[in-house]
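I opened my notebook today to look up a few things in one structure, entry by entry. Come along and check each one on the screen.

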Amino acid sequence: MNAEPGRPEGESIPVNDIWLSVPLLIIGFFGTRPAGQNQELSRYADHLALALVTLAALSLVLRRRRPEATLAVCGAALAIYLALGYPFGPILFTAPFAVYAVASRRPLRRSIVDASIFYVVTLAAVMVRFV
């Protein structure tokens, strides 16, 4: 059974879908720790922080095929990252791309609902770190 109509089973991910994730991943790896240097209330960006940055960036590879899954995975990684108190940094660059993936490929109402859930979860994660 094909995962997607009109797409042969086992077909690889197009290179164009990977190119967005690569720069965000590189920026995330090299920018996360420096981002926290002037954020006194943030936690040191350890291996878990970098794993969450990686997950958020790599989730964008599926943004055209599975926009809702991309938004959910990116949102979960971002929410966990923020709730654990890691510094505000390059991981935040992944959010607009995940939201845009849903907004550009789904009906308006569905996009608004999905983006609103993403926003509320992210906001709740930020609030948790300051309580």
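**Entry 1: a loop residue**

Does Gln 39 count as buried, partly exposed or exposed, and what is its relative accessibility? Before answering, I noted that this is a predicted model. I then looked up the value for Gln 39, which is 22%. Buried means under 20% and exposed means over 50%, so Gln 39 counts as partly exposed.

Next I asked where Gln 39 sits, and I found it in the loop between α2 and α3. I looked for its contacts and left out residues up to four places away in sequence; Gln 39 touches Pro 87 and Phe 88. I also checked Gln 39 against Tyr 86, which is 47 residues away along the chain. Their C-alpha atoms are separated by 9.4 Å.

**Entry 2: a glycine in that loop**

I stayed with the loop between α2 and α3, because Gly 36 lies there. Gly 36 has 18% relative accessibility, so it counts as buried. Leaving aside neighbours within four places in sequence, I found Gly 36 in contact with Ser 42 and Pro 87. Pro 87 was already in my notes as a residue that Gln 39 touches. I looked up one distance here too: the C-alpha atoms of Gly 36 and His 47 are separated by 14 Å. Those two residues are 11 apart along the chain.

**Entry 3: rings**

How many aromatic pairs does a search of the whole structure find? I got 1. The partners are Tyr 81 and Tyr 86, with 5.2 Å from centre to centre. Their planes are 35 degrees apart, and the pair is tilted. I checked the cover as well: Tyr 81 and Tyr 86 are both buried.

I then turned to Phe 88, which Gln 39 touches. Arg 129 lies over the face of Phe 88, at 4.3 Å from the ring centre.

**Entry 4: salt bridges**

How many salt bridges are there? The count comes to 4, and I looked up several of them.

One of them joins Asp 17 to Arg 64, with the closest N and O atoms 2.8 Å apart. This pair links distant parts of the chain, 47 residues apart. Asp 17 is in helix α1, while Arg 64 is in the loop between α3 and α4. I compared the cover of the partners. Asp 17 is buried, with a relative accessible area of 3%, whereas Arg 64 counts as partly exposed at 43%.

Another joins the side chains of Glu 68 and Arg 106, at 2.6 Å from N to O. Glu 68 lies in helix α4 and Arg 106 in the loop between α5 and α6, so the pair ties together parts that are 38 residues apart in sequence.

I found Glu 68 in a salt bridge with Arg 110 too, where the closest N and O atoms are 2.9 Å apart. Arg 110 lies in helix α6, so this pair ties together parts that are 42 residues apart in sequence. Through shared partners, Glu 68, Arg 106 and Arg 110 are joined into one network.

I looked up the cover of this network member by member. Glu 68 counts as partly exposed at 21% relative accessibility. Arg 106 is partly exposed at 27%, and Arg 110 is partly exposed at 43%.

**Entry 5: a nonpolar patch on the surface**

Which residues form the nonpolar patch on the surface? I listed Ile 13, Val 15, Ile 18, Trp 19, Val 22, Ile 26, Phe 29, Phe 30 and Leu 62. Together they have about 840 Å² of accessible area. The elements that give two or more residues to the patch are α1 and α2. The largest share, 4 residues, comes from α2.

I picked out Leu 62, which lies in the loop between α3 and α4. Leu 62 has 35% relative accessibility, so it counts as partly exposed.

**Entry 6: a serine in α2**

Is Ser 21 buried or exposed? Ser 21 is buried, because its relative accessible area is 2%. Beyond its neighbours within four places in sequence, Ser 21 is in contact with Ala 57, Leu 58, Leu 60 and Val 61.

Note on methods:
Residues numbered from 1 in each chain as written. Predicted model: local features only at pLDDT ≥ 70, side-chain atom pairs only at ≥ 80, totals over all residues. Heavy atoms only, no water. Patch = residues over 30% accessible without salt bridge, like charges linked within 9 Å, V, L, I, M, F, W, Y side chains within 5 Å. Areas by Shrake-Rupley, 256 points an atom, 1.4 Å probe, with all protein chains shown as cover. Buried < 20%, exposed > 50% of the residue type's maximum accessible area, 1.4 Å probe, protein only. Phe/Tyr/Trp six-rings, centres within 6.5 Å; stacked < 30°, edge-to-face > 60°. Lys NZ or Arg CZ within 6 Å of the ring centre and 35° of its normal. Contact = heavy atoms within 4.5 Å.
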